[in-house]
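Biologist: I'd like to learn how to read strands, ring pairs and surface patches in a model. Can you take me through a few cases?

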Amino acid sequence: MLGIQIKMVSCHLILITRLPTICVKVGVIVFPGSNCDRDMYHVLRDVFKINTEYFWHEKKLSKNLDAVILPGGFSYGDRLRAGVIAAHSPVISDVKKFASKGIPILGVCNGFQILVESGLLPGVLMKNDSLNFMCEWTNLIVENNKTPFTNKLKLRQKIPIPIANGEGRYYADEKTIKLLKKNNQIVFRYSEIVNGSTFRIAGICNKDGNVVGMMPHPERATEPEINPIDSKPSSLIFESLLNVIGVAH
Amino acid sequence: MSLAKQESAYLEKKIGRKPTSTEFQIVAAEWSEHCSYKSSKKHLKMLPMSGPNVISEKGYDSGVLDVGDGYVVTVHIESHNHPSAVEPFGGAATGVGGVIRDILSTGTRPIAILDGLRFGDIEKDSHARWLFKNAVSGIADYGNCLGIPTIGGEVEFDKCYSDYALVDVAAIGFGKKDRLIKNHANKGDLVVLLGGPTGRDGIGGSQFASDSLESENRSAVQIPDPFIEKLIIEAILEARDEKCINAMKDLGGGGLSCAVSETADSLGIGIELDVNNIHTREFGMRPDEIMISESQERMLIITNNKKLKKLKTICKKFRIQCSVIGTVKADNLMHVKKGSKTLASLPTHLVANAPLLDRPHMVPKYLKQLPLNHPTPKNQNFTNIILKMISSPNIANKNWVYGQYDYEVGIRTVIKPGRNASVLRLDNGKYLAVKIDGNPKQCYIDPRQGAIGCFEEACRNVVCTGATPIGMVDHLQFGNPEDHEIFWTFLESLKGITDFAKDFAIPCVGGKVSFYNETPKGPIKPTPLIGVLGIIEKQPLRPALINSGDFLVIIGETKNEMGGSEYLEYIHGFIGGNCPKVDFKKSKKNMNIVLEIIKKNLAKSVHDCSKGGLAIAISELCMNNRIGCKISLDKVPSKKLKNDELLFSESHSRYLIVVERKNLNKIKKLLSEKNLDHDIIGNFGGTKILFEKNLVNIANLNVEKLRLNWMNSLEEIVVHG
């Protein structure tokens, strides 16, 4: 359950006592206005038993992190444009270093917007074509199952998952879309038209495939209790990460 | 900005001199109806406010309920009607902000928002449409940014709200019992103002709300900034964990005047403050303006020298301003200075306790003129009537509204909006069900029975999820209390709510009274709103998909209670008739049996029967599950009712239970043993909803066609007019 405290134990101790917490470390970045940080932390730590740590946006990332997650929310109140101010936070230069080293990085919702605004991913996220904030359950189709966050999913697998955003319509010019297709950088597409996204794109990755951004919220869909449809496919996003960073779940 | 003559005289007599201008402004703000409850306070005492789960502390602005295992749930409800009627986006948004800070001030994290919205006839009135659209956007903008899910509420349209808006917001908090702020202060402690700067917005807001709405006083409307509020929430919770807070109160109506005087009065202390130390948004603000500004996103904190350093570090992390504005004294005075000059020095008890009024009341004349017998035209086409009602703004699906609210954030929402009550999971393995309900149509024709009906309806919705009601909040909204007739309707509603609360042992843990809800066109219909919280110890009833072959069982009697029904008002434009009455004994019996059925796992789903009556409740079940149903109206427990009465009466205490064949006998046995009104009234299957009486078809509806109308008609009206 939410908020249940699992005692912090050192990795060394885990090996001896075989406690469930896994000896890898994932960082969740918190910007002023992030609001899915606690949800992401709960899923990583309490559901997948991953050693997880928050990083305030002014703090340096620990060198030993195995993956970094930029959670959803309204960093800086979405002022100017969603994600654009946070993209200039001190922590982003560390994120960029990690990205170039091939460390898995996931941006969800506002996290995706920040990755795009910081230039780590191409394209932009614009206002939904309804011009409204949209909160609803939708289906994703997996288009690339080679990334650190999709390797346990099947190609074309359906993922029931909620979206919740006002600026979630992915847009890129034709040339960029062509490149995305060519480089296999389109990770998720919506199964039907949801918000007017170009080519129904819901998530993409960088050329190397280690930086992934997606608008829907996998952390809201991994527990059967709050997922009225099927929580298994979303769980595979986190199990894929575990698969890559060295420990099978 | 004024005091009544006798109030001015009372003030002068009490302080033995003429008040200064600042004193006058402070007192006028604090003695406004909005802040002082001067008309209602005497009567509110009748409500039962204690119970085994209720935790009360000095100076709490929200109700606190113990939910076991060291955890508490907090709840509060407020409205922001006047501001929303002038500037719907900002008015509704700041309405959310204010109630969230009430939750925060006890030291609990806000985890959910519910909103009750009421506007004029959006089908005909484009201004009502504009107000509605923007109020929804305002709530979405604020709540979504905070990352607090808006998990439910209700929306209603009625001509009585033309040129006006009722925006009611309830908020829920959750936290550990041992981290609740136990408000206390010692001489020499520091008074800190934390959050956004004080500006000229919202000046005189509480007085503006304490008069009928005649002008668009925009300067009285506050400006929302959800980003600062989010930072304040995180900063305060961090400060709570670091134990930097001795006492805390949010700044709402009446601004600093209200927060300072009420905090000092409740803690039995004096506070001396210097307006020069208050961080302001603009230069040249007069001290009077600073004292009564209702700028949002501000909290008043009492701390001490030792804890201040930590508090400042936390504020610095979140880049929010925090000014030490004064100190705690032992003299029970509210002492406002500018540098060395004293601007106000008033006994806090005097400021915080306006002279109460005992307003006269009398039975309204209109009640005697309401017709009792409703029209029953012959050969009505019930198929068309149901279709028309399903597409009406009051009954149409509200997905256009809640689809703009992030109802998932916080990952607690187990039962999402759009059904009966919404359900949240709590950290101790229990579940919290919440629902708010109002019914101005019924409250208009019978303020007492109408209010009881709202209360029971909210309880029914909570019960449908398997939850036992543990507490309630009420929000009583009426016109001008100086009108004897209006005041009578207020008292009647209050008495009804009190009777029900006492009989069902559901304590009132919070609430609000809002008067002067009127425009030059007249007062609103009496609109009490009831929010009920219920706890589920084990598992909530998650509605399972209905299959062909499942049965529909009804519990409760359908009576000739058509008064204030959607059918009479929307279809026939008729106001009058018998208002539905709750039989307390039967109501309790039905609630208990439904809870027992859910506990024994005998029901696939349970649905409350209310607005629009049986016809609408069954249609909703069918549309949600995309399945047809054949219903025998002759089986519906009732006494000699006409067809329209069977279909559309809004009698209370009725539940629809969907049962699988294998559990049918068990349920039948259970219900017969308890001697309750019940019967098997329908079989699910096919693609049509067929209402029959004595084997003659009364209405015949295609589920998919009906569903399309139900899902899309509200958006159609709002977007395309």
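Predicted model: local features only at pLDDT ≥ 70, side-chain atom pairs only at ≥ 80, totals over all residues.

Biologist: What should I keep in mind about side chains in a strand?

Modeller: In a regular strand they alternate between the two faces of the sheet.

Biologist: Which strands pair with β17(B), and is each pairing parallel or antiparallel?

Modeller: One partner is strand β21 (residues 527-536) of chain B, antiparallel over nine bridges. There, Leu476(B) stands opposite Pro528(B). Another is strand β18 (residues 508-514) of chain B, parallel over six bridges. On that side His475(B) has Lys512(B) as its bridge partner.

Biologist: How does the chain cross from β17(B) to β18(B)?

Modeller: Through helix α19 (residues 484-503) of chain B, giving a β-α-β crossover that is right-handed.

Biologist: On to rings. How many aromatic pairs are there over all chains?

Modeller: The count comes to 25. One of them is Trp56(A) with Phe318(B), at 5.2 Å centre to centre and 65 degrees between the planes. Planes over 60 degrees apart count as edge-to-face, so this pair gets that label.

Biologist: Where do Trp56(A) and Phe318(B) lie?

Modeller: Trp56(A) is in strand β2 (residues 50-56) of chain A, and Phe318(B) is in the loop between α12 (305-317) and β11 (322-329) of chain B, so the pair joins two chains. Both Trp56(A) and Phe318(B) are buried.

Another edge-to-face pair is Phe504(B) with Phe584(B), at 5.7 Å centre to centre and 75 degrees between the planes. Phe504(B) sits in the loop between α19 and β18 of chain B, while Phe584(B) is in helix α21 (residues 584-599) of chain B, 80 residues apart. Both of these Phe residues are buried too.

Biologist: Which residues do ring pairs link into a cluster?

Modeller: Phe119(B), Phe132(B), Phe157(B) and Trp400(B).

Biologist: And the surface: which residues make a nonpolar patch?

Modeller: Val124(A), Met126(A) and Tyr171(A) make one of about 230 Å². Val124(A) belongs to strand β5 (residues 124-126) of chain A.

Technical notes: Residues numbered from 1 in each chain as written. Chains lettered and ligands numbered in written order. Heavy atoms only, no water. Patch = residues over 30% accessible without salt bridge, like charges linked within 9 Å, V, L, I, M, F, W, Y side chains within 5 Å. Areas by Shrake-Rupley, 256 points an atom, 1.4 Å probe, with all protein chains shown as cover. Salt bridge = Lys/Arg side-chain N within 4 Å of Asp/Glu carboxyl O. Helix = DSSP H or I, 4+ residues; strand = E, 2+ residues; numbered from the N terminus. Pairing = 2+ DSSP bridges. Right-handed = clockwise from strand over helix to strand, strands pointing away. Phe/Tyr/Trp six-rings, centres within 6.5 Å; stacked < 30°, edge-to-face > 60°. Buried < 20%, exposed > 50% of the residue type's maximum accessible area, 1.4 Å probe, protein only.
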